[in-house]
Amino acid sequence: MVERTRLRISGTVQGVGFRPFVHRAATACGLTGFVRNDERGAWIEVEGPRDALDAFARALEEDPPALARIEGISRVAVPPLGETSFRIERSTADGERRAPISPDAATCEACLAEILDPADRRHRYAFTNCTACGPRFTIVTGVPYDRAATTMRDFAMCDDCAREYADPTDRRFHAQPLCCPACGPRLVLRGRDGKQEPGDPIARTAALLASGAIVAIKGLGGFHLAVSCTDEAAVSALRARKRREERPFALLAPDLGAAERLVHLDDVGRRCLTGTQRPILLAPRREDAPVADGVAPGMRWLGVMLPYTPLHHLLAREVGAPIVLTSGNVSDEPIAYRDDDARERLAPLCDAWLTHDRPIHVRCDDSVVRVHRGVARPLRRSRGHAPAPLPLPFAAPAPILACGGELKNTLCLAKGARAYVSHHLGDLENWGAFEAFREAIDHLARLFDVTPAVIACDLHPEYLSTKHAQALALANPDLTLVGVQHHHAHAAACLAESGCEGPALAVCYDGLGYGTDGTLWGGELLVADLVDFERVGRLAPVPMPGAAAAIREPWRMAAAHLDAAFGAALPAGLEVVRRNRDRWDAIGALLRSGIQAPPTSSVGRLFDAVAALVGLRDRVSFEGQAAIALEQLADPTEAGAYPMPVRDGALLELDGAALIRAVVADLGAGAPPARIAARLHNGLARATAEACRALRERRGVGVVALSGGVFQNQLLLDRLVTQLEADGFRVLLHAALPPNDGGLSYGQAVVAAARARARFPTGD
Ligand code: ZN
Ligand code: ZN
Ligand code: FE
């Protein structure tokens, strides 16, 4: 008895080898019918005996292609047509247009085997890919997704490649970027003078690295700078040329075994390193890790990744050891990704270029993740992840563009129940990053066919993302502008990511965010849902002497917190005072005058103050640097905790003054900085948990969301989650997005969607 079934598959199933897979599965089950792409995903009709239809449906669910993301399968019976074959139907441009573009994916096992096989026509070919792997987001220039709308459009396929492309049974059927040595892009190694070097570019690059050279390497989303990771002189030369860059450098290890000689890994970490997204994984460094001191000075963690393109596989194998692979830029600039720009900007930094003629259309930094409580959680969500959609807890009533924050900016487009969070765009005060931000709005809106009706932004009037949102709204009166308070956006992102609509308590600790009262917040306890929030607690504010200057100079925050803790009775002999003697009194005057000293409740600035007090840093070159140094320093075995009284009132207040007095007492008693750092973490965690208990009493809310850049601090997070869970709270943490400002755009989109829904209730 022959039956016919129609299956509609929704999700990311285009450009990932789904139709050849369906063709193979249907043919293997002896079924006839067709598969074609449609606007939601794929449309399949299969005809045959009942048990064969069931076997086919099981194959769809249990064994889809690696890059496919099936969100739903609907199945209905339709009348049999008596077909005799199974075919792949052409799809309409409109159908392709609306399907999500998949992120770039690491080289698959089958492609890796080919490039390592001397008998294969793609042996040692650096651009090998197939429907299960290769570049996607970084090479797509428009829609619909086909070769003409990628940076591969100028490479005409040879006959062999064209045959693979057209064969439904081939792994490369409709693989848009497919190519081979006969028809595809080529690697070249250029010397400092820009002239092409003779010989095999990979072998020559490996030799250069072995000799201590710095080589710029064009990857998937931009240029990296590579250097031997054991060569102390070469590593410090790289730091010097990157204008005394102080961030840790990431490492590329040839394989998992080599990675395990650098860092301690658990199963989640191993899966994360070897998965298709291939982020940089931050993991605890091994005592005996064979790396120069200059790679990650003072860090207990190393950032490690495995090769994700054939180029990286070939190079890493040729070198046979890990290498430093860090972003191709000078200090805070965005990484270079266009050849002309790279030649100009990286010329003073590198001794040679390993490059190629496949253009990068979208700059995309490496993603960075860390495993916490068995989950790989991003600190930066970019290459390999973006622009895969994240779910919204409910369908947005109107298409939304959310413009994000200022630092670590991402933007977010929301339509229906999907949110497309962009790749990492960087710090918008940087011109290149702001340009990328504006381009990304148009590019993503085209790719995902979103015409925003609502624009969401931060409340900070000076954020360039806010100004841009306002300009867009001004230019188009049909657009609704929605301002979302910074920490509400953090809270909403964390809630929505967990599928929770609140109300919940939200602990939002970060550097700075604009408050509804016009002051700078950053140590906030909220009761929030997705529509609105109420500020119910905070860190007691202190002035920020010199405003923005206090971010770059943590000793100024030490002065402010000491003033709040001691007033005129400041104990003598403090090192931080001695080191900054010449300006200490001027800062004191600033504090008392209140001019250029806006109050802030920032927890990030409290960490800065303590970092300066213990002598770690008086000045920083990037936001959060002092706090990271404190976390790295803290003795994890220390159980002591500084007092931090929680003062009752309309607004609960965590009192930093008692904590600062305890720090000063410990300093006077000669306590080691590692102990002081640990007691700060423990004290803050204890006081925060106490505040949460008090708020639960008052408000009857037993769910706590933790968000904000301070929660990149694993030690604090651990201490706090442990206490909250012991206290019976349900704790929500970020898992898909970073807790820092990279997650703001999604939170803004969520709030804008929730407010639109509240205004126009559908009644269901
Ligand atoms: Zn492949
Ligand atoms: Zn070819
Ligand atoms: Fe923030």
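The structure is a predicted model, in which local features need pLDDT of at least 70, side-chain atom pairs count only at pLDDT 80 or more, and totals for chains, interfaces and linings use all residues. Residues are numbered from 1 along each chain as its sequence is written, chains are lettered from A and ligands numbered from 1 in the order in which they are written, and side-chain values use heavy atoms, with hydrogens and water left out.

Figure 1. Four donors count as tetrahedral if all angles lie between 85 and 135 degrees; four count as square planar and six as octahedral if opposite donors are over 155 degrees apart and all others between 65 and 115; anything else is irregular. Cysteine 158 and cysteine 161 are both buried (buried means under 20% relative accessible area, exposed over 50%, and partly exposed in between, with a 1.4 Å probe and protein chains only).

Figure 2. Cysteine 108 is buried at 15% relative accessible area, and cysteine 111 is buried at 0%.

**Figure 3. Protein donors of the iron ion (ligand 3).** His486 (NE2), His490 (NE2), Asp510 (OD) and Asp741 (OD) lie 2.1 to 2.3 Å from the iron ion. The 4 donor atoms subtend angles of 87 to 169°, so the arrangement is irregular. Their spacing along the chain is H-x3-H-x19-D-x230-D. Distant parts of the chain are linked here: aspartate 510 lies in strand β20 (residues 504-514), and aspartate 741, 231 residues apart from it, in the loop between β28 (730-732) and α24 (744-759). Helices (H or I, at least four residues) and strands (E, at least two) are DSSP runs, numbered from the N terminus. Aspartate 510 is buried at 2% relative accessibility, as is aspartate 741 at 12%.

**Figure 4. Salt bridge between glutamate 553 and arginine 556.** The closest N and O atoms are 3.0 Å apart; a salt bridge is a side-chain nitrogen of Lys or Arg within 4 Å of a carboxyl oxygen of Asp or Glu. Glutamate 553 is buried, with a relative accessible area of 14%, and arginine 556 is buried at 10%. The count of salt bridges by this rule is 55.

**Figure 5. Salt bridge between aspartate 585 and arginine 581.** Their closest N and O atoms are 3.9 Å apart. Both residues belong to helix α18 (residues 581-593), 4 residues apart, about one turn of the helix. Aspartate 585 is exposed at 55% relative accessible area, whereas arginine 581 is partly exposed at 47%.

Conventions: Donors are N, O and S atoms within 2.8 Å of the metal (3.2 Å for Na, K and Ca); water is not among the atoms, so sites may look incomplete.
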